[in-house]
Amino acid sequence: MDFIKETDLPGIGRKFSASPASGGKIIIIVHDDGVREIYRYDDSDADSEVEHIVSFDDSEARKIAGILGGLAYTPKALDNARVDLKGLAIDWYKLTAPAPFIGSSIGALGIRKNIGVSIIGIIRHDGGSLVNPGPEAVLQDGDTVVMAGTREQINAFHAGARGNPQPAS
Amino acid sequence: MEYDFLELGALLLFVAMSGIIASRLKFSIVPIVIIVGLLLPPNGITPYHPAESTMDAIDFLGRLGVLFLLFALGLEFSIRKLLASAGTMVKSGLIYLAFNATAAVLFTMLLGWGVEEILLATGIIIISSSAIVAKTLVDLKRTANPETEVIMGLMLFQDIFMAAYLPIVSAIAISRGGKPSELAISVGFAFAVIIIFVFISLRTTKVLESIFAIASEETFLLVVLALLIFMAGASEALNISEAIGALILGMIMAETSQQERIVHLVVPFRDFFGAAFFFGFALKISLDSLLGAVLVAVIAVALTLAGSLAYGFTMSKVAGISKRGALNLGLTITSRGEFSIVLANLGTAAGLSSVLESFSVLYVVILAVLGPLLSRLSDPIYQVLAPRLGWRRETPKSKPHKEIDASLLKDKKE
């Protein structure tokens, strides 16, 4: 059985049901307006109520996603470089001169539009970090760019950052 | 009157006031603005008559409202997406129609209404307000419930039903009094226009994409609004209703990658002009004529409740939903609103019996308030009903402590 099941809720958003191996069921609703809600559901009891646990707005949800994805603090047991979830991946790339992206803002590069990956964080060369940077954030030499996207999109980002761009899909 | 804007502005202040009341009461604006419109001149409790030019202006704002409502409806469904989920939706939709359309047709036949009135009243009775339903589910934090998938699927089915039903009704409205053969031709023509447009747009997605890939928000807005009004005018000229033109444009644009951007852009227009539409519609109805429709509206409300619950409990068997979910399902879908009024307005435009508009106003006001209220009360209702009807709470199975299955974990890591 799939770990995560997706269903459309036309007019509301999208529903993700996850059944962790440790039991129970978690439902995440991504609303079209950006709100994320997390619910708990006991599927062993057909009559049980779905229990609302917490709601996040868009920027809160991204921060929480960073923590769950191991970006803020990587669990010591898992030292693998990228996180893969059924074709969706989170990865990071260190920009070193003369990478073509250096000196331009995320918006000017049109990274989400042209490549498809979302930049979810930047770790500056001096150790400072930027969670969920806006389009105005400028990429600098020595930055580690943290991104989420499909494997193809991430590969396209790597290729672009190395100076040999290729189409995302 | 020399002051063109004073009267119009004063009336719009009442619309704004309705909005404030609605958000305070956490209701949809639709029933509130209708009630306020009913109470105001020219037919309300005061003898004051607004100038004709003011009424014309309100009328025009309202016509724009209908365009935006249907444009937004068209934007909500992309043909590609629909085809993907067609199977389950059609089954659930047909069950819904079997209960509710049948009841509506039989009831209006018993009232001795004409064929056109029956057809229109059926639509008014069976189309839920997807806006109110979605808002209720979000407010009550029921979006994750199993029955919500069924509810929103049904709303989508109703949207499609509306898109197919509207050309029929508007063709009937336009060729009213004509021979059945003329009627069939104008219905067929309306459908042909829709199909041709949608087919072309599916084939020319690349061209459309390049047309709508406009970076400037200002230019984009101008293009979308101009196209909307022009499409409405063009379909008027083709003798299919202006509303259909707006619907078609919405469906075409839903296929492009700009869909989300357009929705974002259009919603404020839909909200403003839509409110003006509901207000203007109610403004023209006299309080006296409402009295004659009270009984009909109350019976229709009862039928709607019964039909919706029957659908809810049938679907609970089909989709494996608990009794509690079935009750939520049945009660939530009873909300009525914007599209019932759009249909009633078509009837008025076609010169159908005025009982239809008084009926629909009462029916919508009752169910736009009662629907969300009943959804909210569905839990207490369940607590009362469950022991009486023998829906025993399934005894929670004693849950053995689940050991974390090591082999499963390994699987997940890939």
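A:Lys63 sits in helix α1 (residues 58-68) of chain A; helices (H or I, at least four residues) and strands (E, at least two) are DSSP runs, numbered from the N terminus. This is a predicted model, where local features need pLDDT of at least 70, side-chain atom pairs count only at pLDDT 80 or more, and totals for chains, interfaces and linings use all residues. Residues are numbered from 1 along each chain as its sequence is written, while chains are lettered from A and ligands numbered from 1 in the order written.

Back to A:Lys63: with 16 other C-beta atoms within 10 Å, this lysine counts as partly exposed, since buried takes 20 or more such atoms, exposed takes 12 or fewer, and partly exposed is in between, with C-beta atoms placed from the backbone. The C-alpha atoms of A:Lys63 and A:Gly121 are 9.5 Å apart, though 58 residues separate them along the chain.

| Residue | In contact with |
|---|---|
| A:Lys63 | A:Val131, A:Asn132 |
| B:Phe278 | B:Val30, B:Val33, B:Ile34, B:Ile341 |

B:Phe278 is among the residues touching the most other members of the largest nonpolar core, which has 114 residues. Such a core is a set of buried Ala, Val, Leu, Ile, Met, Phe, Trp, Tyr and Cys residues joined through C-beta atoms within 7 Å. Helix α8 (residues 146-174) of chain B gives the most to this core, 14 residues. Apart from it lies another core of 20 residues, including A:Ile90 and A:Val146.

As for the hairpin of β1(A) and β2(A), three residues lie between the strands, and A:Gly11 takes a positive phi near 90°.

How values were computed: Two residues are in contact if their C-beta atoms, placed from the backbone, lie within 7 Å. Two strands pair if DSSP finds at least two bridges between them. Lists of a residue's contacts leave out its neighbours within four places in sequence.
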